[in-house]
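Thanks for coming, everyone. Please look at the structure on the screen while I talk. I'll go through some strands, then a pair of helices.

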Amino acid sequence: MECFRGQSISWALRDGVIELALHREPCNEIGSLTLDELEKFVSVLDELEAEAHALIVYSELKAGFCAGADLRELYRRSQELVRKDAAKGVRDYLERIHRVLNALDASPLTTIAAVHGVTFGGGLELALVCDLIVADKMARFCFPELRLGLIPGFGGIPRLKRDLGNAVVRDLLLTGRSFNATKVQQVGLVSQVVAEGESLRVARATAAQLGKFDRRTAIAAKRFIKPIPYEELKKEIDIFCELFAQPAVEAGLRKFVESGDAQPYLP
């Protein structure tokens with residue numbers, strides 16, 4: 001068994017399955033620390049893949065899978081830097097997270113996101129890189145970036161367009177409302193909806209089943225049915241950075257940071 005435990009994420013390889021766990025309080029917000037550790041994971045992924053057939057991504061926290069980007073850190077850094085440096089910092093950060101998520105998207109492993117609770121923004125984008133999403137019936141899915149004056153920046157738009165019809169893509173992106181697990185299964189975003197607290201168990205059972213089949217066939221099938229929209233992903237970064245320079249974004253981030261709500265990311 002190979003394993004690592006960091007401050008934000010952990011991973012372990014057991015019986016041909018890599019399990020990548022998120023455990024940064026309060027709800028796995030993706031900031032610089034998490035990104036550093038995700039990059040560390042991707043740097044050893046080739047080595048792990050040689051002994052694995054599946055990868056499961058899940059959260060150890062009760063609050064949910066992931067609330068998305070660490071907006072407090074993003075706001076603080078934007079205030080510390082002059083506008084030109086802040087824009088460059090945002091672009092550099094997005095390019096780094098895209099490299100990580102593209103590596104997961106392109107992995108020859110069959111990848112499974114086991115999600116529960118809050119699966120918002122960057123958390124939904126992380127789930128979207130996986131081949132299969134197994135959702136706890138209490139999971140909620142949302143792109144709340146619109147109320148900050150932004151679009152999803154971790155690859156959400158091109159991957160949604162790849163996987164779903166335009167009506168659903170526009171609903172998620174333009175209304176900012178959340179979908180429950182039943183709704184996302186109906187539109188084809190998740191492959192299984194399971195009882196509360198059962199998503200990881202079912203993901204593990206699915207990964208065990210995958211181990212019975214020839215890996216070359218699975219790799220070839222995945223490459224055929226899951227193209228990665230690299231050009232659109234680059235364009236998404238450009239649009240995000242253009243929007244980030246607008247005054248409405250600073251105001252939206254300030255409102256979020258100053259909120260007294262326990263979970264200000266909820267719509």
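Strand S8 and strand S11 (residues 192-194) run parallel, joined by three bridges. A quick word on terms: helices (H or I, at least four residues) and strands (E, at least two) are DSSP runs, numbered from the N terminus. Two strands pair if DSSP finds at least two bridges between them. This is a predicted model, in which local features need pLDDT of at least 70, side-chain atom pairs count only at pLDDT 80 or more, and totals for chains, interfaces and linings use all residues. Residues are numbered from 1 along each chain as its sequence is written, and side-chain values use heavy atoms, with hydrogens and water left out.

Back to S8. Find Val134. Its bridge partner in S11 is Gln192. Val134 in S8 also stands opposite Ala114. S6 and S8 run parallel too, with four bridges between them.

Why is S8, residues 132-136, largely enclosed by the rest of the structure? Because four of its five residues are buried. Buried means under 20% relative accessible area, exposed means over 50%, and partly exposed lies in between, using a 1.4 Å probe and protein chains only.

Now go to S6, residues 110-115. Thr111 sits in this strand. Is Thr111 buried or exposed? It is buried, with a relative accessible area of 1%. What does Thr111 touch, leaving aside neighbours within four places in sequence? Its contacts include Leu55, Leu104, Val129 and Lys226. Contact here means heavy atoms within 4.5 Å.

Next, another sheet. This one is open, with four strands in the order S5-S7-S9-S10 and mixed pairing. S5 (64-66) and S10 (179-180) are at the edges. Each has a single partner strand, so one side of each has no neighbour in the sheet. S9 (residues 140-142) pairs with S10 in the antiparallel sense, over two bridges. Look for Phe141, opposite Phe179 in S10.

Last, the helices. The axes of H2 (residues 71-80) and H11 (residues 247-258) come within 9 Å and cross at roughly 125°. Axes are lines fitted to C-alpha atoms, for helices over the stretch in contact, and angles run from 0 to 180 degrees between N-to-C directions. So H2 is oblique to H11. Under 35 degrees counts as roughly parallel, over 145 as roughly antiparallel, 65 to 115 as roughly perpendicular, and the rest as oblique. Who makes the contact? On H2, Leu71 and Tyr75 are among the residues; on H11, Leu253 and Phe256 are among them.
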